[in-house]
Amino acid sequence: MTSAILVSIVMTLVAASTPLLLAALGELVAEKTGVLNLGVEGMMLCGAVAGFAVAFSTGSTGLGLLAAALAGMAASMVFAVLALSLAANQVATGLALTIFGIGASSLIGAGFVGRTIPRLGPVFPPALSEHPWLRMIFGHDILVYLSLALVLGVSLFLRRTRPGLILRAVGENDASAHAIGYPVIAIRYAAVAFGGALAGLGGAYFSLALTPMWAERLTAGRGWIALALVVFSAWKPGRLLLGAYLFGAVMTLELQAKAAGISWLAPEVLAMAPYLATVAVLTMMSLGRRSGRLDAPACLGKPFSAS
Amino acid sequence: MNQPREQEMPPRLALAHISKSFPGVKANEDISLSVRPGEIHALLGENGAGKSTLVKIIYGVQQADEGTIAWNGTPVSIPSPKAARKLGIGMVFQHFSLFDAMTVIENIALGLDEAVDRETLKREVAGVLQSYSLPLDPEREVHTLSVGERQRIEIVRCLLQKPKLLIMDEPTSVLTPQEVERLFATLRQIASEGCAILYISHKLHEIKALCDSATILRAGRVVATCDPKAETTKRMAELMIGAELRKIEHGTQTQAGAARLAVNGLSLPGDPPFGTDLREVSFEARAGEILGIAGVAGNGQAELLTALSGERLAERPEAVRLDGKAVGREDAGARRALGLACVPEERNGHAAVPDFSLADNGILTARHRLPLAPHGLISGGAVRRFADGVIKLFDVRTTGNAATARSLSGGNLQKFIMGREIGQAPAVLVVAQPTWGVDAGAAAAIRQQLVDLAAKGSAVVVISQDLDELLELADRLCVINEGRLSAPRPVASLGIDEIGLMMGGVHGAADGVEAAHA
Amino acid sequence: MLEWRPRREPSRLMRALSPLIAIALTMLLGMIVFTAMGYDGFHAVGSIFVTPFAEPQRWADIGVKAAPLVMIAIGLAIGFRANVWNIGAEGQYIMGAVAGTGVALATYDMTGWWILPAMALAGILGGMAWAAIPALLRVRLQVSEILTSLMLTYVAVQLLYFLVRGPWKDPDGFNFPQTRMFTADQTLPTMMEGSLVHLGIPVALLIALVAWLLMEKTTAGYAVKVVGLAPAAARHGGFSAARTTWATMLLSGGLAGLAGLFEAAGPFGQLTPQFPVGYGFTAIIVAFLGRLDPLGIVFGGIVLAATYVGGEIAQSTIRLPQAATGMFQALLLFMLLATDVLVRWRLVWKRRAAP
């Protein structure tokens, strides 16, 4: 019976980690070009509500996922126009995007509260996906596999390809990249859009896969944790994967504790755990890199104007 | 002109009546010039004469408001640097377009317009490095390289594209005299292969040594075109500056007095990530003297200045003494109160706050010695009066004390900052690049102020990359190289070759000996 | 052809006008969006931005909601000017209320004039303590205060839940998750009979005035501005970035804590799980609407308070969902950031040069 518990722990762990991984990977790409978009939480909420609304109205989860990616991307474009084209302060614009995402998703979602849809199902046939222990590998939905493939893809893209090299260069020294003739703003737009699409999918993971329903502020601050994960990863996709799964583990503590029959710990304390862990991890990261800060893109968060 | 061959062969590049304005300034006005294949053509002018704007137009970074560009006789438009490179124009900027955290080969790859696979690129780079005998390691990260090596990356980047016109923007301002010689040899080789070179500089002896012809700019207009080998340096200087050259009056040579600033064994780690460590720096600046500190950019000048100003603290109080008092552990405010004033190289953002008015910028460093904010309460009247005084005395061209620092030209802001510090009658003034970007008239005025300040009994330390300026101003000169400071020598006893060798680190012959023993 | 040109100097006129332009654009855009969503867009905008001001009986309500917004926003704005991005004011607001409530519960059976000041002091200290954590981490270890202060907000919310459901639950409260009601000596005196208008309003105005003097007339305010605009110049001038970070974090935490305590000891009169209403986040919008200037923030606080009041009106008159208020507030912030471009750039009409 313990093996059954182990399998279920793995399944919850993967489910809790996937939205973090998706959102953080998108943000990592945006930050690699030097853009700090603090609106991840807002974009996730936009994706979550759009995904649910479309899946509910059309009955198609696939269309729901597409809508979620587009909604996240659309939200990110609002950020891009302000922060990139108008050179507004990136911190303030990102915050605005999060506040906007909370408001817009609540407004749009008001009509969907209490409705349910079928959960996003596993990719592989039941023989594999419902196998007592093989389901640890084959029992997941499309977004889980997509997120893992994207980690590999982004990692190769950044390290091995010329567009990846250019993308890193823009984040490293925007003035030089511009002087050489690379379209700094356009590249940043593309990276922000990619980040928005992945944040939208990460948000949709909540409303389509984890709990197939809509509730206000469904993502409960996971967007902010995704931002912290990017710092934890030192802007490397491989470490991001590790970080996302570590945080997924922390986040499932509440469930695990219940499963293990621990009742002396107040549920509120367990609910605090991911946020306290984030603070602790950020602190440890800083302790670990007292000498220099070569890992962060040098232009992160700085506005650029080409004149 | 009469030779039929030249008529057959149109100029590589011909500019006709180019004009370009920015808010408040006409950067270029009716500029025409032409460059032949194989010619090294100088574009000569002071800082702010419009050279940089003009080459940016040629390289497609900016667009001219009026005028035409002809390439090999055909009119062209150059909307982007990419288009320029496509024509065969390569450019080495004064400020390199490099990525510190990436390797040399990655930087070169980024400079190419087409994707080249890594192995091919490596081979091509090795070929260029060999045929021009340029020493450079393609796998090193850029932040570990010297300025001369960084420049070589840019040159290799251009040469890989087989350019037909190479633009060099103030290429020697950051090089040692020996590196300059090496660069000139490279450029002559490139020109001999038929490439035209447009060489931008304000250094007359270089242009005489290197260039076949020169176009002289002043205030955005062409004032003359000449053969620099035939023209005298003095005549070119007058054309460039537009006035008779003025000489600094040193007054009666006073005997140097007691040490006002004494630095003893000052060591500090460099600023992360790419700073230079200061190693056992010791020197004295005496009352009545100007001490010059020469050196190639990035050898610890910035670190030395912040260590003296108190922005970074020394490990021991005795490492820095001001009039005998140990101040190594005192912060910037305390040192200023005691009479130590500093002017860092970077004006906007370091010496001044770009978004503050001139009046508010006065408060930044003058509040310790002047009653601008008694008991922490800012006295608006006193602040404005102080700023007005500086503006008047130092002839700062501005709309008034409410103008933001950002709105001033580099030279005018420098005049304001120098005035702000000199106006406090400091015991010691440490100044980096006192006349960088300032027009010749104002530069002469600033140098005169420094001489006068020393004459009144203050000690003045000038940190500069401009050897001519140091030789003109300083009584004694030392050189900073890789964070080490050489012993000061009286300027009268030094030859320029000797200083060049010191700048290149050869003076540290001890290093070589140690290495040999190891 | 219209073209953007950079200004040589930032425009003072636009600096003053841009918040008004942003409000106008928000009203216009809001009207379009809500009409498109099938609501009565014209009346939605009217109820949210106009009705609260047009009906004098609403003014007291606006004041009550504006007071905490103004207090929090002033602290945040001073921090923002120093480039200290404390976005966890909501958590500091909660912790101020929690600390003050702690004092209230401990003095439950006592009387005396000193109880309320003691609660206020505890509120300030509670907010400060919560802000001290990100301040310490940033100054000592360069950890971004943006993420830490926000994370601590979630922690504060859980702590509040824990207290009102557990140790601080009212023993006579039929097991509802809430504390006892505060006694008369623990409640803010009201300024007008029969209304909720409490001492917090004049205190907020006084704080705005003092903060304005601090920022414009003292070297302390000067230090804040220099550290934010040009850190290297601040070091050069002998100002300490670390000290400024500490001061602004503690100030904003203390003000948020005091605002939280006033809210608990005023309109709420106890602590409940419904206590966090998002004032700490809305105050960020207030700070920007006031252009980070303490007197401007009074104006900003009144406008945002009115949107809360108006949102409630629109809920009952045209059945606009409550979330619409948040949408309007976010739109306003977007428009503010967008119109800021007018301060630095100007639009000029340029004839295309002849080819």
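The mean pLDDT (the predictor's confidence in each residue, from 0 to 100) of chain B is 85, and 89% of its residues reach 70 or more.

Colleague: Which stretches of chain B have pLDDT below 50, and how many contacts do they have?

Modeller: Contact here means that the C-beta atoms of two residues, placed from the backbone, lie within 7 Å. Residues 1-6 of chain B are below 50, with one contact in the model beyond near neighbours in sequence. Residues 506-518 of chain B are also below 50, and that stretch has seven contacts beyond near neighbours in sequence. For chain C, the mean pLDDT is 92, and 98% of its residues reach 70 or more. The model scores ipTM 0.89 and pTM 0.86.

Colleague: What should I know about the conventions?

Modeller: This is a predicted model, where local features need pLDDT of at least 70, side-chain atom pairs count only at pLDDT 80 or more, and totals for chains, interfaces and linings use all residues. Residues are numbered from 1 along each chain as its sequence is written, while chains are lettered from A and ligands numbered from 1 in the order in which they are written.

Colleague: OK, sheets. What is the strand order in the open sheet of six strands in chain B?

Modeller: Two definitions to begin with. Strands (E, at least two residues) and helices (H or I, at least four) are DSSP runs, numbered from the N terminus. Two strands pair if DSSP finds at least two bridges between them. In chain B the six-stranded open sheet has the order 6-7-8-3-9-10, with mixed pairing. Strand 6 (89-92) and strand 10 (221-226) of chain B are its edges, each pairing on one side only. From one strand to the next, the twist averages 20°. For such angles, axes are lines fitted to C-alpha atoms, for helices over the stretch in contact, and the values run from 0 to 180 degrees between N-to-C directions.

Colleague: Where do the parallel and antiparallel pairs sit?

Modeller: Strand 7 (165-169) and strand 8 (196-201) of chain B are parallel, with five bridges; B:M168 has B:Y199 as its bridge partner there. Strand 3 and strand 9 (213-218) of chain B also run parallel, joined by four bridges, and B:L43 is partnered with B:T215. Strand 9 and strand 10 of chain B, by contrast, run antiparallel over five bridges, with B:T225 as the partner of B:T215. The hairpin of those two strands has two residues between them, and B:A219 takes a positive phi near 50°.

Colleague: Which helix lies across strand 6 and strand 7 of chain B?

Modeller: That's helix 6 (147-160) of chain B, running at about 175° to strand 6 of chain B.

Colleague: And the open sheet of four strands in chain B, what is its order?

Modeller: It goes 2-1-4-5, and the pairing is antiparallel. Strand 2 (25-35) and strand 5 (74-76) of chain B are the edges, each pairing on one side only. The twist averages 30° from one strand to the next. Five bridges join strand 1 (13-22) to strand 4 (66-71) of chain B, and B:S19 stands opposite B:E66. Helix 2 (51-58) of chain B packs on this sheet, touching strand 1 and strand 2 of chain B, and its direction makes about 120° with that of strand 1 of chain B.

Colleague: How do I read a kink, and where is the one in helix 5 of chain C?

Modeller: The bend at a residue is the angle between axes fitted to the seven residues ending there and the seven starting there. In helix 5 of chain C a kink of about 30° lies at C:A132, shortly before the proline C:P134. Helix 5 (115-141) of chain C has 27 residues and reaches 38 Å from first C-alpha to last, close to the expected 39 Å. C:Q142 follows this helix, with a positive phi near 55°.

Colleague: Last one: how many residues of chain C are in contact with chain A?

Modeller: 34 residues of chain C, against 34 of chain A. Helix 6 (145-165) of chain C gives the largest share of the chain C side, eleven residues. By class, that side has 27 nonpolar, six polar and one charged residues. Ala, Val, Leu, Ile, Met, Phe, Trp, Tyr, Cys and Pro count as nonpolar, Asp, Glu, Lys and Arg as charged, and the others, Gly among them, as polar.

Terms used: The expected span of a helix is 1.5 Å times one less than its number of residues.
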